[in-house]
Amino acid sequence: MRALVAPSILSADFNNLGEDIEMINQSEADYIHFDVMDGVFVPNISFGIPVIEHVKKIAKKPLDVHLMIVDPDKFIEPFVEAGASIITVHYEACRHLHRTVQLIKSFGAKASVCLNPHTPVAVLEDIIGDLDMVLLMSVNPGFGGQEFIENTYRKVAQLRELIDSTDTDCKIEIDGGVNYETGKKLLDKGADVLVAGSFVFSAGNPKEIISGLKSL
Ligand code: DX5
Ligand code: ZN
């Protein structure tokens with residue numbers, strides 16, 4: 001099956017965000033990925049609900065919102081209201097993850113859980129059946145353009161095995177340091193969705209890069 005591709009607007013040109021969204025609309029991308037950072041859960045602050053609301057008005061792809069924030073329960077409804085189709089919360093930021101996943105679903109969004117590089121796949125054993133997607137961080141969250149963490153390949157294979165042992169069709173999304181080389185290996189290990197920020201937006205031909213990721 002062809003890869004699903006989610007360009008991350010963290011690396012977009014915020015002086016011309018509308019043009020970059022239009023490029024994604026016309027590209028083969030499947031989602032638009034938003035890296036929301038609060039400066040507490042991660043050592044960086046990015047953007048929040050106003051950006052999602054404005055992009056939603058012109059977006060022609062589902063909004064895939066990655067919440068790198070503490071206490072995400074407070075913001076599930078506002079982000080769904082703003083236009084999020086997929087909400088990803090960090091396992092490491094949730095005191096009651098099962099309740100948070102149910103909360104995301106209660107607002108009609110797809111529920112996704114993210115694991116930082118140090119968090120083992122096994123922590124999801126008792127909730128994998130409730131998830132629409134698992135996002136594996138292949139860099140330490142907070143910044144685009146970082147070096148890919150090689151151990152991610154092992155985690156993808158483990159997660160693929162865990163998902164295949166259930167009758168769920170939970171997707172595997174990977175975020176950080178994705179390019180043609182890492183992307184191909186990730187897909188071979190069983191990943192479904194590739195998030196790419198700097199690889200897409202640093203290129204002179206972002207639409208072609210997206211198509212190239214789709215056809216890995
Ligand atoms: C990290 C962010 C980045 C971003 C993609 O917190 O989540 O991983 O989406 O970054 P690139 O593709 O530039 O490594
Ligand atoms: Zn992300």
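Predicted model: local features only at pLDDT ≥ 70, side-chain atom pairs only at ≥ 80, totals over all residues.
Visitor: What describes two packed helices?

Guide: Two numbers: the angle between their axes and the distance between the axes. Take helix α1, residues 17–26, and helix α2, residues 49–58. Their packing angle is about 50°, and the axes are 10 Å apart. Angles under 35 degrees count as roughly parallel, and 65 to 115 as roughly perpendicular. α1 and α2 are therefore oblique to each other.

Visitor: What is the handedness of the crossing of α1 and α2?

Guide: Right-handed.

Visitor: How do I read α5 and α6?

Guide: Use the angle and the axis distance again. Helix α5 (residues 152–164) packs on helix α6 (residues 180–189) at about 25°, with axes 8 Å apart. That angle makes α5 roughly parallel to α6. Their crossing is right-handed. From α5 come T152, Y153, V156, A157 and R160; from α6, T182, K185, L186 and K189. Their contact has four nonpolar, two polar and three charged residues.

Visitor: Which residues come nearest to ligand 1?

Guide: Of the 20 residues around ligand 1, they are D35, G142, D175, G197 and S198. Now check the polar atoms. A side-chain N or O atom of D35 is 2.5 Å from an oxygen atom of ligand 1. G142 uses a polar backbone atom, 2.7 Å from a ligand 1 oxygen. D175 places a polar side-chain atom 2.7 Å from an oxygen of ligand 1.

Notes: Residues numbered from 1 in each chain as written. Chains lettered and ligands numbered in written order. Heavy atoms only, no water. Axes fitted to C-alpha atoms, helices over the stretch in contact; angles between N-to-C directions. Helix = DSSP H or I, 4+ residues; strand = E, 2+ residues; numbered from the N terminus. Parallel < 35°, antiparallel > 145°, perpendicular 65-115°, else oblique. Left-handed = near helix turned anticlockwise from the far one by under 90°. Near = heavy atom within 4 Å. Polar contact = N/O pair within 3.5 Å; in protein donor to acceptor, adjacent residues only side chain to side chain. Contact = heavy atoms within 4.5 Å. Nonpolar A, V, L, I, M, F, W, Y, C, P; charged D, E, K, R; others polar.
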